[in-house]
Amino acid sequence: MNIEIYPRFKEYEILLELYPPQLANKYLPEWYKKQKIYNREKIPGIKDAKNCPAIQDFLTSGVVIPSWSNVYLEKRGEDLHWHITVGDSEKYSKETHSLLEFQSDQQMTGMNLNVMNGVGALKLISPYYFKTPPGYSLQFIDPFYHHRRDVRAMTGISDTDIWHQTNIVFEFMENINVYETKDLIIKAGDPLVIVQPFKREKLKLEVNKFSEEFHTEQENNGTLLHSVGGDWIKYKGDKKSK
């Protein structure tokens with residue numbers, strides 16, 4: 001399927017040039033790239049993220065949207081100030097280009113999120129539009145499990161086949177209200193979110209009793225996986241070819 005990204009205004013084209021979105025498998029975190037792949041037959045009992053299909057498929061799927069600017073937070077007592085520095089450019093007048101807003105804490109009542117009392121959560125106004133084919137939506141999620149230790153994007157879904165603007169809301173990783181002084185930064189070019197496409201379909205759920213036939217099928221899957229040394233990519237390719 002095809003994900004299309006457009007700048008919202010002509011002035012935003014340069015942001016896509018400076019910090020282009022990329023397929024996630026081209027933008028892997030350093031810790032993942034440095035991990036070794038162990039042969040389970042030669043070194044039994046040793047496992048790593050590259051041998052875990054759930055982690056591997058998550059990290060290599062979707063599209064990484066990098067931050068289009070440095071974003072600073074300064075907390076001084078009861079005052080909280082956010083600053084998105086690209087907005088200082090003469091190209092982006094505050095009267096016509098709203099790049100940063102707040103999601104009020106009233107909207108998050110009862111959600112038990114780490115937001116600033118009386119202010120709420122940071123909301124970055126995306127300079128991009130997203131378009132997907134009919135019937136497909138995009139899920140926006142925080143990248144790479146623990147890329148940041150200070151703020152994280154709140155997961156959300158947008159029906160980008162019929163509505164193309166999506167803004168990104170962040171919560172703090174800890175209770176920022178207990179700090180008298182606190183400084184945080186999101187750096188331009190760092191992974192901001194990952195977008196994952198999926199097809200909207202009516203969901204049906206079946207909870208089954210034990211099936212000997214299904215159990216045998218999964219045992220055979222295990223045989224194939226172990227026959228190729230636990231190599232998930234090789235297993236998946238062989239499975240799909242059959």
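Here are some notes for anyone opening this structure for the first time.

1. A word on ground rules. This is a predicted model, so local features need pLDDT of at least 70 and side-chain atom pairs count only at pLDDT 80 or more, while totals for chains, interfaces and linings use all residues. Residues are numbered from 1 along each chain as its sequence is written, and side-chain values use heavy atoms, with hydrogens and water left out.

2. The overall picture comes next. The protein chain has five helices and 14 strands; helices (H or I, at least four residues) and strands (E, at least two) are DSSP runs, numbered from the N terminus. Along its principal axes, the C-alpha trace spans about 65 × 40 × 40 Å. Of the 242 residues, 35% count as buried, where buried is under 20% relative accessible area, exposed is over 50%, and partly exposed is in between (1.4 Å probe, protein chains only). Take the contacts (heavy atoms within 4.5 Å) between residues at least 6 apart in sequence: 67% of them join residues at least 24 apart.

3. Now for helix 4. After helix 4 comes G229, with a positive phi near 70 degrees.

4. On to charges. Side chains of opposite charge can pair when their charged atoms come close. A search of the whole structure turns up ten salt bridges, each being a side-chain nitrogen of Lys or Arg within 4 Å of a carboxyl oxygen of Asp or Glu. One of them joins K33 to E30, with 2.9 Å between the closest N and O atoms. Why are these two about one helical turn apart? Because they sit three residues apart in helix 2 (residues 30-34). Both are partly exposed: K33 has a relative accessible area of 46%, and E30 is at 47%.

5. R200 deserves a look of its own. R200 makes a salt bridge with D159 (3.6 Å, N to O). D159 lies in the loop between strand 11 (156-158) and strand 12 (168-172), and R200 in the loop between strand 14 (191-199) and helix 4, so the pair ties together parts 41 residues apart in sequence. D159 is partly exposed at 31%, as is R200 at 32%. R200 also meets D161 in a salt bridge (2.7 Å, N to O). That pair, too, links distant parts of the chain, 39 residues apart, with D161 in the loop between strand 11 and strand 12. With shared partners, these salt bridges join D159, D161 and R200 into one network. Is D161 buried or exposed? At 17% relative accessibility, D161 counts as buried.

6. Last, the inside. The lining consists of D150, F172, E174, I176, K182 and L184.

Conventions:
On a 1 Å grid over the protein atoms alone, a cavity is a set of points where a 1.4 Å probe fits but cannot get out, and a pocket is an open set with protein on both sides within 12 Å along at least five of seven lines; lining residues have an atom within 4 Å of a point.
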